[in-house]
Amino acid sequence: MADEGSFAVFGGSDYSQVVGGEQGLKPFRNNPDIFSHIKAWALSGQGLFYGGPQIGTKGTYPAVIDTGSTVISVPGSLFQSLQAAWKEGVKDLDCTSDANFCQSLHKCDEIEKQLQPVGFLIAGGSQVGGETIFEINPSEYLNQDKEKCQFAIAENKLDKFNNKNFIFG
């Protein structure tokens with residue numbers, strides 16, 4: 001097997017591919033009743049963090065794991081708080097020109113130092129307290145396009161039944 005290729009494991013687990021090894025796995029309970037209009041596989045999103053402190057309002061938001069997409073999107077009310085926090089560090093942040101993503105005309109490696117990790121609070125875990133913050137660093141949510149740096153965490157703009165969800169693709 002190539003050192004830098006994709007691979008699949010059938011019938012087992014390769015813990016060398018999991019951050020923190022076997023202890024890095026965090027099981028969560030399914031919460032199918034979190035949607036009022038359908039039964040769906042979802043976790044319980046509880047909030048958003050930026051560089052440590054919680055931003056926006058803590059609440060209960062469906063958190064859908066969407067293996068068919070590569071997008072991370074957050075409920076609009078939380079996204080507004082995140083966007084405001086990003087603007088403090090990135091003065092030319094533009095969240096209107098592109099229909100999906102915020103962007104800057106600076107290179108990602110230049111603005112990365114002015115940004116903080118984003119954390120997602122998920123409830124329902126089997127560990128003590130049942131809540132875990134999954135955090136991603138700026139280098140993991142920034143994408144260098146040809147002439148701009150795009151922020152790969154977007155506002156969930158789905159229909160009125162689904163726009164209050166976290167979506168983790």
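Start with the link of C95 and C102, which is right-handed, with 110° about the S-S bond. This is a predicted model. The sulfur atoms of C95 and C102 sit 2.0 Å apart, and the two residues form a disulfide. Is this pair, C95 and C102, buried or exposed? C95 is buried, and C102 is buried as well.

Now move on to C108 and C149. Their sulfur atoms are 2.1 Å apart, and they too form a disulfide.

Why is the disulfide of C108 and C149 right-handed? The torsion about its S-S bond is about 110°, so the disulfide gets that label.

Next, look at how accessible the two ends are. Buried means under 20% relative accessible area. C108 has 7% relative accessibility, so C108 counts as buried. C149 has 0% relative accessibility, and therefore C149 counts as buried.

Step back to the whole structure. How many disulfides does a search of it find? The search finds two. Count the bonded cysteines along the protein chain, and the disulfides follow the pattern 1-2, 3-4. Each such link is a covalent bond between the sulfur atoms of two cysteines.

Note on methods. Residues are numbered from 1 along each chain as its sequence is written. This is a predicted model: local features need pLDDT of at least 70, side-chain atom pairs count only at pLDDT 80 or more; totals for chains, interfaces and linings use all residues. Side-chain values use heavy atoms; hydrogens and water are left out. A disulfide is a pair of cysteine sulfur atoms within 2.5 Å. Buried means under 20% relative accessible area, exposed over 50%, partly exposed in between (1.4 Å probe, protein chains only).
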